[in-house]
Amino acid sequence: MSPLSLYVHMPWCLRKCPYCDFNSHEVKTALPEQTYIEALLADLAGQLETFAFNPKLVSIFIGGGTPSLFSADSYRQLLAGIDTLLALTEDVEITLEANPGTFESAKFAAYRALGINRLSIGVQSFCDAQLSRLGRVHDGAAARMAAEQAREAGFTRLNLDLMFGLPKVPEYDALTDLQIALDLAPEHLSWYQLTLEPNTYFHRYPPPQLPDDQHNFILQQRGQALLAAAGYQQYEVSAYAKPGQACRHNGNYWRFGDYLGIGAGAHGKISLARPGQIVRTVKAKHPAAYLAAPRHTDIRVVTEDELPLEFMMNHLRLREGFALMDFTRQTGLPDSVLQPGLEHALQQGLLQRQGQQYRATELGWRFLDELLTLFVPSC
């Protein structure tokens, strides 16, 4: 049986950022904290009835939106309810996303006291001019303060989210941004390029002076060297961690593990009893629609034709790659269905093989989309 994780989506933000394509909604009135927590627990109970789970949870990830808008009392009720419905492993990883700013960071100690043991802070940049362009509600000083307050609150596992490939402004240097983050000594860094995602303000109205691909590639190489020199290992496309500090929750996603998704717009992936029988779940996206029917879950069976690409899309994000036996174990399909794509990828220098273990080469990681097209089901 696959490890089981739980994703909890909190869909509200103070302001919708122009680059954000996540399911987030600006706060217009008072947050319905009690009603939403009750809906989340009803949602979880309904899915457990549907899928009849019994494994222990290895991780909980509370994402958004801005989860730190909710009070510690709300999370006390949520975590107590989850503990009633599902057993947790002794070393369960519980992550909460937070944004800088005194209003949220003052709650850090209360969150830590509840058993939340990993904090992920959405910094994005330490440059005030860039933060303003990105629509963030904090400045660079607040970002630094949030990391310091997380330490004071007792968090020994801290992630900072940081972007590069931002519009050119005189006072901004992406590597200076990265060095400031390294000086704060988080255990984990998510360092990723700004992309203009469909259905975002930046996609409709791109910001001026965006750097070109060549500039971003050189910058990425220099930044990766800086990270490596500071002791951070790149274990995923945009994730870097000190030894032993990789995010277990996201690692379970990328290893094609199972996870329940509760909350507005949350997605899940569940392996059923029969080998290869995998379903994807999704909840109503708008908070009002979700609150009206929290136990309703749309379920879609992943077809056999889709399984190879689904498997590869996840495993190839990791430096470690995958073993052929994992493909058969997780999909119920013979590894022969992968062989044509694997052979092409090896010939093109996109994959490398060591025994039964496959992983992307540096070229394969740089052109991951092209690599994955080799496993797209034929019409």
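Glu187 touches Arg151, Thr156, Arg157, Leu158, Tyr232, Tyr240, Ala241, Lys242 and Gln245, leaving out residues up to four places away in sequence; contact means heavy atoms within 4.5 Å. The model is predicted: local features need pLDDT of at least 70, side-chain atom pairs count only at pLDDT 80 or more, and totals for chains, interfaces and linings use all residues. Residues are numbered from 1 along each chain as its sequence is written, and side-chain values use heavy atoms, with hydrogens and water left out.

**Glu187**
- Glu187 sits in the loop between helix H7 (174-183) and strand S8 (188-193). Helices (H or I, at least four residues) and strands (E, at least two) are DSSP runs, numbered from the N terminus.
- Glu187 counts as buried because its relative accessibility is 15%. Buried means under 20% relative accessible area, exposed over 50%, and partly exposed in between (1.4 Å probe, protein chains only).
- The Glu187 side chain reaches the backbone nitrogen of Leu158 at 2.9 Å.

**Nonpolar cores**
- The largest nonpolar core has 75 residues. Such a core is a set of buried Ala, Val, Leu, Ile, Met, Phe, Trp, Tyr and Cys residues joined through side-chain atoms within 4.5 Å.
- Helix H1 (residues 33-51) gives the most to this core, with 8 residues.
- Phe108 and Leu260 have the most contacts inside the largest core.
- Beyond its neighbours within four places in sequence, Phe108 is in contact with Ala98, Leu119, Ile121, Ala146, Gln149, Ala150, Ala153 and Phe155.
- Another core, of 24 residues, lies apart from the largest one; among its members are Phe256, Leu324, Leu333 and Leu342.

**Helix H14**
- Gly341, Leu342 and Ala345 are buried in helix H14 (residues 339-347).
- Seen down the axis of H14, the buried residues fall within an arc of 100°, so they line one face of the helix. The arc is that of the directions from the helix axis to the C-beta atoms.
- Pro340 and Gln347 are exposed, on the face of H14 turned away from its buried side.
- The cover over the buried residues of H14 includes helix H12 (307-315), S15, helix H13 (324-331), S16, S17 and helix H16 (368-372).

**Sheet S15-S17-S16**
- In the order S15-S17-S16, 3 strands form an open sheet with antiparallel pairing. Two strands pair if DSSP finds at least two bridges between them.
- Strands S15 (322-323) and S16 (351-354) stand at the edges with a single partner strand each, so one side of each lacks a neighbour in the sheet.
- S15 pairs with strand S17 (residues 357-360) over 2 bridges.
- Phe322 has Tyr358 as its bridge partner in S17.

Key. A polar contact is a pair of N or O atoms within 3.5 Å; within protein, one must be able to donate a hydrogen and the other to accept it, and residues adjacent in sequence count only if both atoms are side-chain atoms.
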